[in-house]
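I opened my notebook today to look around inside a protein. Come along and see what turned up.

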Amino acid sequence: MTDTTSLRDLPEWKALEAHYAKLKDVHLRELFARDPGRAEKFSLEAAGIYFDYSKHRITAGTVNRLCDLAEAAGLREKIEAMFTGERINLTEGRAVLHTALRAPKSATIVVDGENVVPRVHAVLEKMETFARKVRAGEWKGHTGKPVKNVVNIGIGGSDLGPVMAYEALKDYGDRGLTFRFVSNIDGTDFAEAVMDLDPAETLFIVASKTFTTLETMTNAGTARAWALKALKDEAAVARHFVAVSTNAAKVAEFGVDTENMFGFWDWVGGRYSMFSAIGLSTMIAIGPEHFREMLAGAYEMDEHYRVAPFEENLPALMGLLGLWYNDFFGAQSIAVLPYEQYLKRFPAYLQQLTMESNGKRVTLDGRAVDYQTGQIYWGEPGTNGQHSFYQLIHQGTKLIPCDFIAFSKTRHRLGRHHDLLMANVFAQAEALAFGKTAEELKAEGVKDWLVPHRTFEGNRPSTTMLLDALTPAALGRLVALYEHSVFTQGMIWRVGPFDQWGVELGKALAGRIAPELEAKDEPRLNHDGSTNALIRRYRKER
């Protein structure tokens, strides 16, 4: 594959187009009728995840052709380039090594002539020491009271990962500590987070690589003022604030003791950072041992992705199936449906991971794509979603592939609850795939005029992922699964999954507009007519 060849001109792509033309109108009912052993053929178990993809609109030929496309895209070589520290983030000139964050101490991963693994483990050990002090009540605030409240201040990956992991593993957490997360520059977010907290017992973790992120540093400044209003001594900042950053000068200027600064590196992207020092709040919540288990789960998935053949490779298959629907069926979104209340923030976490990574319209060499790239990820926990948006998935006009995530064991065995929950997982996947025909409804005595309303077309694809239990290791595996699925798609689409230039323009314009909103005298505005009018109306009405 050369740089001048369009992806759509590849023989492997054209083979998929021809295959799609033959398969697009074949129903899952027919595919299952043809092959009674289909469920066994299209299911895999690896890294603690049972992955049933038999309810997809595919045949063995589809899988073979998709894997051929991955080979033609050089995916195997690109996986190795990522794992070995090559600078595959081309627009920023960086290596991409979130996998190093969960590598064992004995591993060797060299970047610019240095093995980075010892540095990773040094930070982990520093985090562990600090986390143990907080959890044991040994970290005292300025007045001598132990910390009882931990507030993480960040945004994007510095918030979504920690809050998702906290919620997912809440039952592993120290219930004697209160955890809050502040990200939005809307003052309501901060005000509500600290409303019932005692400043003398509150620790703030300020997570910003540069210590200049507008939202994070605005909230951190407000937190500093809130704490000092009660504690009345600048020296208190060093006991009530720690930093996750690489900018020691800015951290010290803020008043944080740089001994309590936890670093990470430019080869860790924000949306891939929850296993780094960004996860300090997670480690305090669940304890160092459980945090290490989460790392081990992610590492297990890393190793599977790195070595398994594509046809037996969970992240590769997940990514390829998404590409199959996105680029051939025209499906624009994927619903992520965890049947586990603790995973209520998992879809939101995946939104950044997937859409910030592959929401790109040009290839790495700057050419506009002539095919669809990033998909829209969304979802809610089951069974809540069943009483909300499942109507559209079942009977609407849009094709929405679904990822069902479920666990054989529950943390809370209460009567029939878990059996009923699991019955719904399996029932929804079955209903989506096979639907209900007009003939079946008529045989049941449904009146003719009502039959169209109660007919389910079916043929709606889904994957069911079944894990033993939601443990720290299981969460690590799931996160790494989706990370590598994103990478698979990005490499085939030839886009850069590790930059996010699309978020910069709005930030720059906000920086220009903010002084115009705050000016005492009427500012001279030079925006479009709509923006000028909105600014004037806001200034008048605030």
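These entries follow my order of looking: cores, rings, a helix and a loop residue.

**Entry 1: the model itself.** I noted first that this is a predicted model.

**Entry 2: the cores.** I began with the largest nonpolar core, which has 130 residues. Which members touch the most others? I found Trp267, Ile284, Phe346, Ile405, Leu475 and Tyr482. I then looked up where the largest share of this core comes from, and helix 20 (residues 472–493) supplies it with 12 residues. There is also a second, separate core of 25 residues, and among them are Phe190, Val194, Phe204 and Ala227.

**Entry 3: Phe346 up close.** I picked Phe346 and set aside its neighbours within four places in sequence. What does Phe346 contact beyond them? My list reads Met164, Val336, Ile405, Leu478, Val479 and Tyr482.

**Entry 4: a stacked pair.** I looked up the aromatic pairs, and the structure holds 28 of them. I started with Phe204 and Phe241, whose ring centres are 4.9 Å apart. Their planes meet at 20°, and planes under 30 degrees apart count as stacked, so this pair is stacked. Phe204 sits in strand 7 (residues 202–207) and Phe241 in strand 8 (residues 241–244). The pair therefore ties together parts that are 37 residues apart in sequence.

**Entry 5: a tilted pair.** Next came Tyr325 and Phe329, with ring centres 5.3 Å apart and planes at 45°, so I wrote down "tilted". Both belong to helix 14 (residues 314–329). Because they are four residues apart there, about one helical turn separates them. Tyr325 is buried at 1% relative accessibility. Phe329 comes out at 15%, and the limit for buried is under 20%, so Phe329 counts as buried as well. I also saw that ring pairs link Tyr325 and Phe329 into a cluster with Trp13, Tyr20, Trp324, Phe328 and Tyr371.

**Entry 6: charges over rings.** I found the charged end of Arg38 over the ring of Phe32, 5.4 Å from the ring centre. The charged end of Arg224 sits over the ring of Phe254, at 5.6 Å from its centre.

**Entry 7: helix 14 from end to end.** I went back to helix 14 and counted 16 residues. From its first C-alpha to its last, helix 14 reaches 21 Å, close to the 22 Å expected at 1.5 Å a residue. How many of its residues are buried? The count is 16 of the 16, so helix 14 is largely enclosed by the rest of the structure. At its start, a side-chain oxygen of Asn313 comes to within 3.2 Å of the backbone nitrogen of Ala316. Just after the helix, Gly330 has a positive phi of about 75°.

**Entry 8: Asp528 in its loop.** Where is Asp528 placed? I found it in the loop between helix 21 (504–518) and helix 22 (529–541). Its relative accessible area is 42%, so I noted Asp528 as partly exposed. The side chain of Asp528 makes a polar contact of 2.6 Å with the side chain of Thr531. I also checked Asp528 against Met82, which is 446 residues away along the chain: their C-alpha atoms are separated by 43 Å.

Definitions and conventions:
Residues numbered from 1 in each chain as written. Predicted model: local features only at pLDDT ≥ 70, side-chain atom pairs only at ≥ 80, totals over all residues. Heavy atoms only, no water. Core = buried A, V, L, I, M, F, W, Y, C linked by side-chain atoms within 4.5 Å. Buried < 20%, exposed > 50% of the residue type's maximum accessible area, 1.4 Å probe, protein only. Helix = DSSP H or I, 4+ residues; strand = E, 2+ residues; numbered from the N terminus. Contact = heavy atoms within 4.5 Å. Phe/Tyr/Trp six-rings, centres within 6.5 Å; stacked < 30°, edge-to-face > 60°. Lys NZ or Arg CZ within 6 Å of the ring centre and 35° of its normal. Polar contact = N/O pair within 3.5 Å; in protein donor to acceptor, adjacent residues only side chain to side chain. Expected span 1.5 Å × (residues − 1).
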